[in-house]
Amino acid sequence: MEVETASKTIRFKLNGQACSIASNPVTRTSDVLREELGLTGTKVGCDAGDCGACTILIDGEQRFACLTAAGQLEGCDVQTVEGLAKDGKLSPLQQAFHRYGAAQCGICTPGMLMAAQSLLNVKPSPSREEVEDALGGVLCRCTGYSKIVAAVLEASGTETQELPADADSGFGSRTRKVDGEPKLLGTEIYGADTAPDDSLWMRVVRSPHPRATFVLPSPEKIIEENPGLMRILTWQDVPGNNGFGIYPHIKDQPVLAKDQVRYRGEAVAALIGDRKSIEAVTDDDLGIEWVPQDAIESYESALEGKISPVQEIHEDNLLARGFLKKGDAESVYEQSLIKAQGSWETSYVEHAYIEPEAGYAVKRGQRLELFVSTQTPYMDRDEVAQVLGIGPDQVRIIPSAVGGGFGGKLDCSVQPLLAVAAWILEKPIRCTFTRPESLASSTKRHPAKMKASASCDKDGSLTSLSFEGDFNTGAYASWGPTVADRVPIHCSGPYFVPNILAKTRALLTNGPPSGAFRGFGVPQSAIAHEALMDSLAEQTGIDQLEFRLKNALRKGQKTGSGQLLENSVGQAECLEALQSRWQEWRKASEEFNNHSEIIKRGVGIGCCWYGCGNTSMSNPSTMRVGINSEGTITLYNGAMDIGQGANTIMIQICAEALGLPASSFQFIMGDTDLTADAGKTSASRQAFVSGRASQLAGEHLRTQIIHLAEAEEDANLRLDGRTLWVQDKNGEHSILLSDLLPRTNGDVLVGEGTFDPPTTKLDENGQGSPYATYGFGAHIAEVEVDLKLGTTRVLRLAAAHDVGKTVNPTQVEGQIQGGVAQGLGMALMEEYVQGVTENLHDYLIPTVGDMPDIEILLIEDPEPLGPFGAKGIGEHALIPTAPAILGGIRQATGVSIHRIPATPDRVLQAIQQKGMQA
Amino acid sequence: MFSYHRPASTEEALSILSREPCVPLAGGTDFYPARVGKPIQENVMDLTGIRSLRGIEERAEGIWMGALTTWTDVMHADLPEAFQGLQQASRTIGGVQTQNAGTLCGNLCNASPAADSVPNLMALEAQVELESVRGSRRLDLQEFILGNRKTAKADDELVTGLLIPKPSANAFGAFEKLGARKYLVISIVMTGVVAEWNEDQRIGKIRIAVGSCSEKSIRLEKLEKECEGKRMDQIRIRTEHLENLSPIDDIRAKADFRLEVVSELILRAVRQTS
């Protein structure tokens, strides 16, 4: 079968060099660059001109490589990210990106750099607005764009932010990302960027129906007709357990569905062959006989029992429940004079990491090796092992650089399928999900339907809070039980509330599985508790910030789960830090409103608290550090860096503990054969848990050095080639590293540290100490609403967070700015609907033009268990944003939004309904 | 085997089209997104080699924009005030990458109900120039776009450009677009207006077109009549003025919302021209 267009010779200039290729001229330029010329610096996030990761310059103009036919390059001057640096030295723009921490995961970085460069080429000193216009076509999901814009302005010399010129590399400094350079050069290797040359490709066939039974006809005929198609895998090919899932006892999602599917996007078969053939054989060609069934797509239908349950073993579609009871919230509420209540509903939210799921698998002897973009190599290893029916020691996970995760790469995507294919065919197999496939198949933030009420006494002290939440967990368990558990603990907010009643349910529906997404249900419940706080404050006549400050959890108080907070409780300090801005912004918005009829402004506030680490569960991290005979220090870092910067801070912490500079470190990340298990990059646990393990590993190594040198504890260390100098008050001792016997990995000295944060089980009333520490925070946001159109713009936002101790200010700021962007998206525009928003132009995430100015205030109330006092920030950063924005809308318009996101039509409808009532 | 042609002249292109049907390709901003994850198995006529089709010229019959004229070309062109709306639209399409590659005529041929070029070009009373070996013809935009993704272009025809009657000196254009984010956003509702203002601050001739509120963008002729001779503060938009709109509910907004905000957008656009 002739499936493609004839090749044509195309001649163009590529990064200054003449280039001639024989290629199919309708091929996307992004594919030609990546697959034919090996220039994988140009990234592909959507193939549809929606994300801009593939931005290159053609004759100096920025263009989407994914929308440019290779044939159109004829005679053109093409520049890619690989052409920016000269002789391996970062260009001024790249240097500015490096200094500002403008690259987090780095997947959008090449596109951002090229877009910015196109502007700087013609406009060396652009305004901020011009920078935003130039970057408007590139999406970033990590940074909130702040540092990117700052870096471009700095490179142009237009604006310079206060940053130490040459940061040192110790704990607390703005150490540049240790993996920053490859991200800026375009040499970083992500999941889709490499595979053995003889790899076959895999394409997954997925259900077009939310619920259906199906019969897959025998594949012989279609394989015969398509010589490039080697194999069609079905459920029968899975050698071990045809099921996977987060919980050891719930492996409910089939690797390949047997005869029924439970959500649109569920995998039913995998085509293996050469790339062109597996793409050319369409799903329709397979002749699958689908019999669509009535699907459960609402909370009501999940609970009614009219339609047969999503999973046979959960007759009532109830996957999990959560419960917490402290005191007697119901009767206190009944008797209270000041009360507030409401109901809220949120939507499916997509992680929208710009790097789609990708990787390759290869069988080596009796072992399976998987190169994959993941947040959790050790869980992947165990999952793949049970799917193949082999031992975990027979599986090696080698993580790629991860182009964004946010919780979405905790669940398996390509892993089990690639493993099965490589194991059976005994050939390397690679796969990259398309964007629509990624959107349809991957997990989402749980949609929530919540009812809550709260009361306080006359002077504004909270007396009760009740919360009931149904969380749509989709077709399979994923992290549903975690959400059901986490929400009751957090749903009363960072406040002291004497009486609490919280009930949650995770309900199965025929929607995409809801999984882990930055906050595990807490961002949803924060919308409820913060709206209640505003209402109670208003009724008592107390300012909304002061009301929160009055009720803020403090040291010596007990949480809703009865946990005594002894250390690191910076909630009140966060609120105090915002007081002056709050007053000033509110005044400014009132003044603005006096002169404006149609555009109204308002300032809202949101608070958060969030337990760092897994809930009431052992979640240890082990870190190792070694020095080899050459004097190279290696951190064997099992804590996945998904852009947040674990590679950098783990080294900063270890270096501080060891007493040698971070610049003398190299690292290995997440390889299950080389690093110890440091647990998942989730639950805001890496800085806190793995950070502490890293500190302990550094101290362990230091102890050995001190012992070897017979020096004093407080000795200074110095590394000079192969000689380690140890100086104490008695003089200088030297250790010649090449004299020592090599141990594992060629290291002559090895330090190891393990930390498991102390927690206790929760009793039947949800009482206990589920987390070893909590992070706290508050945001205020000034918004502007167009009363006639319902559009909302966030003008400025200030974020105060108690991070214990700041390991690296640049990275902490980056986490907060990125969290704000995701919170803003959740509040105003993000809503995934299966079958409807399966691309990045119907599923909207914030662009550079949607972000407010963000001011960051770091509060440091040290956590004694954390590394040098530090604790987590990853999820905290997102939680207060949506409540603050919704509060701002409320203040601007007088209306409360109960259905999230607050899209223009919902806001306008609420405004009109209020108008009718008035 | 599928063919890929990249002719250097219109004649060559028309001759190929007379022999074999080809999908025309220019900026690729609609072509490739419709083929994500799919192999390209069709004959393609890449028009980007026909240099004579790119550019904006003043001709006797009006202002001509070649079929390969990009949004960026329009944005930077020195055009009469009546083109302000079209130029504003060019800045709100996608990101700079889309503006650099995407062509106005491609936007027309794709015939999406949310095509940002259409209301503006309707308000400018643009005509579409079609050529084939059989001859050439010119269609009003209303005749050219038949419905959602449907045009009057025959398989052997090529859109070679647009012809816009030279606007009078007192004509001003404006564009208002409502979307849920700033860049890379598809319009929930949009309107393009070109109005001639008399010296007494009354509207002379006015053209008002609305997009994303029906299967294809349409002119609101009743409202245009209503506005003529009025001052800004005298304009009242009533239900009957919008009766030809038939918006749908979709993920971006509900139909009622579209009807609700369209009047406000029109008023803002008219005000901009005043």
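The radius of gyration is taken over C-alpha atoms, and the globule rule used with it is 2.2 Å times the number of residues to the power 0.38. The model is predicted, so local features need pLDDT of at least 70 and side-chain atom pairs count only at pLDDT 80 or more, while totals for chains, interfaces and linings use all residues. Residues are numbered from 1 along each chain as its sequence is written, and chains are lettered from A and ligands numbered from 1 in the order in which they are written.

**Exercise 1.** Compare the radius of gyration of chain B with that of a compact globule of 274 residues.

Solution. The rule puts a compact globule of 274 residues near 19 Å, and chain B, having 19 Å, agrees with it. Turning to extent, the C-alpha trace of chain B spans about 60 × 45 × 30 Å along its principal axes. As for burial (20 or more other C-beta atoms within 10 Å of a residue's own, with C-beta atoms placed from the backbone), 53% of the 274 residues of chain B count as buried.

**Exercise 2.** Describe the side of chain A that touches chain B.

Solution. Counting contacts as C-beta atoms, placed from the backbone, within 7 Å, 57 residues of chain A and 41 residues of chain B take part. The elements of chain A that give two or more residues, as DSSP runs (helices H or I, at least four residues; strands E, at least two), include strand 4 (61-64) and helix 22 (904-917). Strand 4 of chain A gives the largest share, four residues.

Key
A residue is buried if 20 or more other C-beta atoms lie within 10 Å of its own, exposed if 12 or fewer, and partly exposed in between; C-beta atoms are placed from the backbone. Two residues are in contact if their C-beta atoms, placed from the backbone, lie within 7 Å.
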